[in-house]
Amino acid sequence: MLPPRDTTSRDCRRLDGLWDFTFDLGDQGREGQWWRAPLPGRRPMPVPSSYNDLVTEAFERDHVGEVWYQRSVLVPAGWAGARVVLRCDAVAHSGTVWVDDVEVASHVGGYTPFEVDVTDHVTPGEDARITICVDNRLALDTIPPGLVQPVPRADGATGERQAYFHDFFNYSGLHRSVWLYTRPEAHVEAVTVTTTYEPAAGSGAVDYAVRVSGAGETSVRLLDGDGVPVAAAAGARGQLVLERARPWQPGSRDTAHLYRLEVTHGGDVYPLDIGVRSVSVVGNQFLINGKPFVFKGFGMHEDLALRGKAHDDVRMVRDFALLAWIGANSFRTSHYPYADEVLDHADREGIVVISETAATGLHLSLNAMTGVPMQDTFKPGGIDERTQAAHLQAVRELIARDAHHPSVVMWSLANEPNTAEPAARTYFEPIVALARELDPSRPLTIVNVGGTEPETDTVAELVDVICLNRYFGWYFRSGDLTAAEVTLEDELRRWLGQYGKPVLITEFGADAVAGLHSLPPRMWSEEFQTDLIAMSVRVFRRNEGVIGEHVWNFADFMTAEQYHRVVGNRKGVFTREREPKAVAFTLRDLWAPE
């Protein structure tokens, strides 16, 4: 799905701002057909935002079920004769959309966009009423999964509680922009791009495939950073060859060279920024443009006070400035696809990205604190073929949206599933096969949870890179960094020896409350966090085949209320306000250019 772009043939309108909003506390909205009139009990709500942190009542912050958004939009008179498209960048976790009295779209999945042609439902020069019903409920057949549980109330009634298996707050709402945009009758619908780069020859190639709608001729041309054409071709499928290519290289905006691929079909012109680069796994090395790449960075969250999980350019720019300051070169979109704007910025800034589906929480035996009984995960009635169908769709939507980004070098298909269960292999085999079919150019991974060891894992053979989340010294060997160092090194060597694949540490770290100090270092202090991370990095550097480290987490973030969380997860190297803890300066020294 192509992101909205203003071009000579397209006109885009963000519908960001204050919308009318109301809670559907009794599931009355659909029966009452609330989309047909102004919303009852409406109040203003900004879009994009998470509504949870913008209310003052606990029952609203923790609301389970549907909420409603509505606004009227003047459709420009100049849009007469064009196709008009309504697009939602992210509706968490599912949404239904009406234009005036007509239902036009529905979508399940809170982190990928959906759109619909609404030309027949709007009139240029007149207002259109747009209503979006958002449902935050999760079930065992959604990605991510969850359970809605009954809970007693003081008045004797039975309420509902959303139990979810991911360790970050279940924010909801219209988290990213809503758009109206135009395109011609004959237009470009999708563009698939795969690039290669030959370092020895300095040459590159761009393989492209264009899907179009309507009659007309299709052509492409490639422009360099100065807008000068360097290659061109006719037809909806082909290859552009660059004898002297400027590769997209990680490192900085100076090395991250971008070309512009300009696609024309009929009267439609669509530009897409791309980078020419190659990614491969050879032996126990991860190669970008033929050179070994060592990951230095973080697992991150789209999370900020008041905004929740809403996309925010201010947060994004600050986060990338801190990545540059600390010497990081990469991050994982833990544990869901990030906003289009973030990947665009990574492309420009030369930051490498592991893009992850929202498949986290596929390990039901970890979730005793949610009230869900300890149980096997992959079985009928648990994580089963219904979940797998949702998971497959999540992979399709992720790759369709993000495959043109040069910054994205690997797909993460899940975070911390219970891959020690034999049934996990049956569950993941078709998911891995689909990802390889959709994008054979990028390596794949499934992030392994602590406690699943090389001898018991059932899916490591399916993937290209073994990614490990390991908390020795925190959850395991708690407080004893001497024992943790020995245990961590022993397990790493077994992974490296058994599979002969590169190993990336995608999570390690410790909670630290900013300003809490201790001598000698104790758990929860800044000193203990610093010592644990420094010890872990020493172990990683001693073991050939470990291709880098992603600290958990970039910044403190909000979670559900739990006795082992102090107003959220405090494993951030930076506070939730993006100020450094002591460990940030240690990492800056460890990641300084050699």
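Colleague: Which residue is the bridge partner of glycine 95 in β10?

Modeller: Strands are DSSP runs of E, at least two residues, numbered from the N terminus, and helices are runs of H or I, at least four. Two strands pair if DSSP finds at least two bridges between them. Here the partner of glycine 95 is valine 134. Strands β7 (residues 94-99) and β10 (residues 127-135) pair in the antiparallel sense over six bridges. The model is predicted: local features need pLDDT of at least 70, side-chain atom pairs count only at pLDDT 80 or more, and totals for chains, interfaces and linings use all residues. Residues are numbered from 1 along each chain as its sequence is written, and side-chain values use heavy atoms, with hydrogens and water left out.

Colleague: In what order do the six strands of the open sheet lie?

Modeller: The order is β3-β2-β4-β10-β7-β8, with antiparallel pairing. Strands β3 (43-47) and β8 (102-108) are the edges, each pairing on one side only.

Colleague: Why does the distance between the end C-alpha atoms of helix α6 agree with its number of residues?

Modeller: The expected span of a helix is 1.5 Å times one less than its number of residues. Helix α6 (residues 481-499) has 19 residues and should therefore span 27 Å, and its end C-alpha atoms are 27 Å apart. Glycine 500, with a positive phi near 60°, follows α6.

Colleague: Which residues does leucine 492 contact, leaving aside neighbours within four places in sequence?

Modeller: Contact means heavy atoms within 4.5 Å. Leucine 492 touches Leu468, Val503, Ile505, Val539, Phe540 and Val546.
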